[in-house]
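Me: I would like to go through this model term by term, asking on what grounds each label is given.

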Amino acid sequence: QVQLVESGGGLVQSGGSLRLSCVASGGRFSIYAMAWYRQAPGKQRELVAAITSGGSTNYAASVKGRFTISRDNSKKTVYLQMNSLKPEDTAVYYCFAGPADYWGQGTQVTVSS
């Protein structure tokens, strides 16, 4: 069983930055593909960024060039660096580990205009 705990969310002004962290406990973190999803009020959960066990990354078009996903296997942690934040980035951000489909509890990110 893998547990994922996110942190780093908060309130930031438009144009600001935040770094989300997701720490995993249990399981073999280094073999998991990790991802960040987000869900805004009234909208479906969407993929933001993903990173494979080998370090390959992919991003949603809406965040490409602004967000960076990275991982530190020694710390069992995946990060999401978010720069140039926009009000439309406001959502609950969830950490995900695959392929066993583990989810964190989510962390709120609010970007004010």
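This is a predicted model: local features need pLDDT of at least 70, side-chain atom pairs count only at pLDDT 80 or more; totals for chains, interfaces and linings use all residues.

**Labels and their grounds**

Me: What makes Y32 and Y102 an aromatic pair, and of which kind?

Reply: Rings of Phe, Tyr and Trp (its six-membered ring) pair if their centres lie within 6.5 Å, and planes under 30 degrees apart count as stacked, over 60 as edge-to-face and the rest as tilted. For Y32 and Y102 the centres are 6.4 Å apart and the planes make 70°, which gives an edge-to-face pair. The pair links distant parts of the chain, since Y32 sits in the loop between β3 (18-25) and β4 (33-39) and Y102 in strand β10 (residues 102-103), 70 residues apart; strands here are DSSP runs of E with at least two residues, numbered from the N terminus. Y102 is buried as well, at 18% relative accessibility.

Me: Which other rings are linked by such pairs, and what lies over their faces?

Reply: Ring pairs join Y37, Y94, F96 and W103 into a cluster. R45 lies over the face of Y94, 3.7 Å from the ring centre, and also over the face of W103, at 4.7 Å; the rule asks that NZ of Lys or CZ of Arg be within 6 Å of the ring centre and within 35 degrees of the ring normal.

Me: How do you know that E46 and R38 form a salt bridge?

Reply: A salt bridge is a side-chain nitrogen of Lys or Arg within 4 Å of a carboxyl oxygen of Asp or Glu, and between E46 and R38 the N to O distance is 2.7 Å, so the contact qualifies. E46 is partly exposed, with a relative accessible area of 35%, whereas R38 is buried at 6%.

Me: What makes R38, E46, R66 and D89 a network?

Reply: These four residues are linked by salt bridges: besides the contact with E46, R38 meets D89 at 2.9 Å, and R66 meets D89 at 2.8 Å. R66 lies in the loop between β6 (57-59) and β7 (67-72) and D89 in the loop between β8 and β9, so the pair ties together parts that are 23 residues apart in sequence. R66 counts as buried at 11% relative accessibility, and D89 does so at 1%.

Me: Why are β1 and β7 called edge strands?

Reply: The open sheet of four strands runs in the order β1-β3-β8-β7, with antiparallel pairing, and β1 (3-7) and β7 each pair on one side only. Two strands pair if DSSP finds at least two bridges between them, and β7 and β8 have six, in the antiparallel sense, so they meet that condition. Within this arrangement, I69 stands opposite L80 in β8.

How values were computed
Residues are numbered from 1 along each chain as its sequence is written. Side-chain values use heavy atoms; hydrogens and water are left out. Buried means under 20% relative accessible area, exposed over 50%, partly exposed in between (1.4 Å probe, protein chains only).
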